[in-house]
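Subject: Structure handover

Hello,

I am passing this structure on to you. Please look through it first; my notes come after it.

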Amino acid sequence: MQHTHHEASLEATPRPWWRRPVALFVRHYLEMVAAMVLGMVVLYPLWTLATDGVAADWVRRPDVEATVMSTAMALPMIALMIYRGHGARPIVEMTVAMFAGFWVLFPLLWWSSVDEMTVMMVGHVLMLLFMLVAMLLRTDEYTHAHTS
């Protein structure tokens with residue numbers, strides 16, 4: 001089958017930078033972080049409102065607070081991934097990566113080796129790192145365009 005000059009030139013045209021695999025990978029990561037920030041800003045305050053005045057000590061425990069915050073951050077990220085057409089396995093992996101950032105620190109918290117602020121600060125950094133690792137382990141999932 002012969003290609004016309006026009007067809008050949010279309011095949012040789014490089015993709016724009018925003019459609020290249022690295023750009024798509026970075027876009028996916030930044031979109032998920034933005035969704036997580038949205039959850040932290042919009043959903044997490046609902047927990048604070050719902051538990052305002054609750055006398056139970058467990059409500060204010062740092063491990064409970066970190067888990068609730070992870071949940072608030074995960075929900076819009078999950079919704080975004082579903083909207084973008086990701087499958088169940090990558091969604092579960094990304095969600096686990098988000099919770100793991102905090103959960104790996106809980107034993108240190110329980111043994112009083114770290115304080116609440118350390119759990120919150122280091123937990124968020126680990127969350128972002130674990131998410132990046134999950135993406136790097138499945139680069140084919142994150143280096144092509146999904147539905148928008």
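Predicted model: local features only at pLDDT ≥ 70, side-chain atom pairs only at ≥ 80, totals over all residues.

Residues are numbered from 1 along each chain as its sequence is written, and side-chain values use heavy atoms, with hydrogens and water left out.

Salt bridges

The structure holds six salt bridges (a side-chain nitrogen of Lys or Arg within 4 Å of a carboxyl oxygen of Asp or Glu). One of them joins the side chains of E93 and R138, at 2.7 Å from N to O. E93 is in helix α5 (residues 88–103) and R138 is in the loop between α7 (116–136) and α8 (139–142), so this pair ties together parts that are 45 residues apart in sequence. Helices here are DSSP runs (H or I, at least four residues), numbered from the N terminus.

R61 and D63 also meet through their side chains, at 2.4 Å from N to O. D63 counts as buried because its relative accessibility is 7%, while R61, at 39%, counts as partly exposed. The terms are set as follows: buried is under 20% relative accessible area, exposed is over 50%, and partly exposed is in between (1.4 Å probe, protein chains only). E65 and R60 form a salt bridge at 3.6 Å, N to O; E65 is buried at 9% and R60 is partly exposed at 40%.

R27, E31 and R84 are linked in a network of salt bridges.

The cavity

Helices α2 and α4 (62–83) each supply at least two residues of its lining, and the largest share, three residues, comes from α2.

Helix α2

M40 is found in helix α2 and counts as partly exposed, at 27% relative accessibility. M40 and M69 are 29 residues apart in sequence and 6.5 Å apart in space, C-alpha to C-alpha. V41 is also in α2, which covers residues 21–42, and counts as exposed at 55%.

Regards
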